[in-house]
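Hello,

Have a look at the model first, then read on.

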Amino acid sequence: MVPKIIKTTTETGVVHFAVNGLSEKDWHLVKEMSERYPSIVPNFGLHPWFITERTPNWLKTLRGFLESTPAAAVGEIGLDKGSFGRKIDFADQVDVCRQQLQLAKELERPASIHCVRAFGDLLDLLKSAGPVPAGFILHSYLGSAEMVPEFAKLGAYFSFSGFLMSMKESKAKKMLKSIPKDRILLETDAPEALPKLSNPDSLYLIEKEASSADGTSSGGINDGNPSEKSPEEDKGNEQQAEEIHNHPANIHHVLSYVASLLELTKEELAEISFANASRLFSYEGSKVLQEV
């Protein structure tokens with residue numbers, strides 16, 4: 001499915017895909033995708049849901065993937081106190097996340113951070129860990145407007161997916177308008193976060209039975225307990241029970257929605273988000289920098 005997905009999406013104007021690894025079991029798949037497809041920007045990280053599966057040498061292995069892949073960023077890492085994450089020792093989550101942030105700092109790579117119901121804890125961790133020179137992404141951000149300035153001071157970029165459509169519109173608008181324009185990013189979080197549209201016929205879709213379940217296609221992951229989740233804080237996985245997966249080409253629907261809340265044209269926001277993404281992913285060795 002990957003060649004078809006990439007072809008369809010690039011034909012809509014997408015240039016690069018940031019693809020996140022989640023655990024030691026899929027880092028090699030992300031690396032293989034990156035080597036095969038010039039449009040794939042690889043990310044290697046240990047997601048909080050999978051820290052209990054890590055091997056004793058996980059950090060050494062992660063370092064090896066990052067050092068042997070100059071184009072790679074760090075991710076997906078983070079903290080989770082949601083319906084699934086709360087089953088995993090939180091102190092262990094913090095320790096694993098801290099070590100990966102340190103690695104990102106040392107290698108001067110940006111990091112993609114997953115955060116569910118733990119924004120205060122994440123802020124404390126980032127403050128104690130010190131600045132991340134290459135910056136970091138708060139992916140599928142659904143936190144409050146009040147926390148934006150503190151994260152922004154530490155170098156955060158705020159990325160928005162179809163999950164934003166689950167947030168009350170007035171709250172989403174307040175939060176978006178609190179974010180500096182040079183820190184706004186857009187994503188699909190495919191295969192999750194299918195945008196909620198009044199006309200769903202305009203969506204690009206991936207048939208579930210034909211798609212990969214390894215979670216590496218666009219950095220998304222599945223949670224088996226969507227009914228326990230808060231749609232705003234926990235980015236509930238309503239796609240679990242559906243027969244379809246989100247498609248990366250639906251980035252255009254996210255663009256339209258965010259632009260409407262910010263009272264910008266789609267063209268204006270596309271230019272802003274593209275410039276921000278290009279800047280963030282222009283570290284030494286990156287595929288984006290090679291094309292500038």
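There are eight aromatic pairs in the structure; a pair means rings of Phe, Tyr or Trp (its six-membered ring) with centres within 6.5 Å, called stacked if the planes are under 30 degrees apart, edge-to-face if over 60 and tilted otherwise. This is a predicted model, where local features need pLDDT of at least 70 and side-chain atom pairs count only at pLDDT 80 or more, while totals for chains, interfaces and linings use all residues. Residues are numbered from 1 along each chain as its sequence is written, and side-chain values use heavy atoms, leaving out hydrogens and water.

Take W27 and F65: their ring centres are 5.8 Å apart and their planes are at 70 degrees, so this pair is edge-to-face. W27 belongs to helix α2 (residues 27-36) and F65 to helix α3 (residues 58-68), so the pair ties together parts 38 residues apart in sequence. (Helices are DSSP runs of H or I with at least four residues, strands runs of E with at least two, numbered from the N terminus.) Both W27 and F65 are buried, that is, under 20% relative accessible area with a 1.4 Å probe, protein chains only; exposed is over 50%, and partly exposed lies in between.

Y141 and F160 are also edge-to-face, because their ring centres are 6.4 Å apart with planes at 75 degrees.

Best wishes
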